[in-house]
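Thanks, everyone. I will show one structure and go through a few of its parts in turn.

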Amino acid sequence: MERIPILRIGTFLLVTIQVDMHDQLALTLQEDLTSMIARVSAGGVLIDISSLEIVDSFIGRTLANIASMARVLDATTVVVGMQPAVAITLVELGMSLPGIRTALNVESGMQYLRDTLADREDEDDWRDYSPQG
Amino acid sequence: MVIMKTLLQTLQDNGDRIVADWTHSLRSATQRKDLLSERDLESQAADLFKAIVKVPAETKISEFGSPAWRPVKDLVATLSVSRANLGFSPTETALFVLSIKPAIFGTIRQEWGSDPDRLFSEITVADSFIDKLSLHSTESYIGGRDRVIARQQEDMLELSTPVVTLWDGIVALPLIGTLDSARTQVVMETLLQAIVDTNSRVAIIDITGVPTVDTLVAQHLLKTITAARLMGAECILSGIRPQIAQTIVHLGIDLQQIATKAKLADAFRLALEQTGRRVTRIDGAQAAQAAKAAKAAL
């Protein structure tokens, strides 16, 4: 069966979608990704959709779902490299994906994840050194 | 049933004289020598007359849409459209066809002057035929004008949405003129493509030049901003005039989720902050040195 590979980079997971997404593929990705996040306790997920040229409401909703599920599993999701046409289509479909973080490319998405995770570690440090800790 | 048979025969027999009379009246009528040379005018008249004479004899005037009329109509349309592009007025364009009337009527009178009934019926045929032709001419003229206007609108659409790079990673889109659906589509596409091309994290949409903002325009703007956000760029809306701010609130448009600034300068400052930069004033001695260096560079 066709699958979208999930790469692990440190505490991040990188998913690059390079084929046309069909519904079953999106559902498989959702399942694979959630189980992977749980298994490696990933802190961030980067979904690169720069090669994705066709998108429908189902794919859009699946992306939103993946982000929500990742958040439940304590991972931040960043969708990067959305094409103009895809963005226009999603907006016209009324899907502004308010819960999803976006970035222009993998590099800036990775930077964002590093920054947020660093913040979180800072918070942890602060908790460690607080008088109650 | 009015058919062209006898009229065409008359025209054919007296071709040379009619064309001569026609060009004579064309020259004396309000023709524009500055736009069309006399020789061109004469050759156009001769061509049109040739096309008229070639119309099949059994053709009915009532069937002006039939293929038999096509060559004449096409020729008139081409001439009228070219006149529209050259800057002729509608009257001047219509007069080109209409001024053939005296020439034809004169000929008919010579042929059938002794038979009033026949004279009247032939003149009726010629009259309705030329009227139809001149109406067609005017219609083509307006069609040509419309096409010119449509093309200009398209050109304006392209010209009116420039995306300028303010700084590395900051683009601005100064909007001028009314925003409608078609224009918003172009605006959206241009901005999003510019974001991809310049790899910009912040986009400033400046609406100083937008005269009115209604719910539709606001919705268009929100769509553009949402699409940019989906691609990973933040949008700042700037150039909101006080009247527009009042309109926006009165209409109940929610811009809470969007960074808005009154002036482009404020938006640019915010954009610099968002990308981790700051503009600072340098003090006396350094400033003088920098100014000197700048002058030397010129």
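Strand β4 (residues 76-80) of chain A runs parallel to β5(A), and 3 bridges join the two. Here two strands pair if DSSP finds at least two bridges between them. Helices (H or I, at least four residues) and strands (E, at least two) are DSSP runs, numbered from the N terminus. Val80(A) has Ala103(A) as its bridge partner in β5(A).

On conventions: this is a predicted model, where local features need pLDDT of at least 70, side-chain atom pairs count only at pLDDT 80 or more, and totals for chains, interfaces and linings use all residues. Residues are numbered from 1 along each chain as its sequence is written, with chains lettered from A and ligands numbered from 1 in the order in which they are written.

Back to the sheet. In chain A, 5 strands make an open sheet with mixed pairing, ordered β1-β2-β3-β4-β5. At its edges are β1 (6-9) and β5 (101-103) of chain A, each with a single partner strand, so one side of each has no neighbour in the sheet.

Next, the contact between chains. Chain B gives 15 residues and chain A gives 13 residues, where contact means C-beta atoms, placed from the backbone, within 7 Å. On the side of chain B that touches chain A, α8 (181-198) and α9 (215-231) of chain B each supply at least two residues. The largest share of that side, 6 residues, is from α9(B).

Last, helix α10 (residues 242-251) of chain B: how many of its 10 residues are buried? The count is 0, with buried meaning 20 or more other C-beta atoms within 10 Å of a residue's own, again placed from the backbone. Just after α10(B), Gly252(B) has a positive phi of about 75°.

Methods: Contact = placed C-beta atoms within 7 Å. Buried ≥ 20, exposed ≤ 12 C-beta atoms within 10 Å, placed from the backbone.
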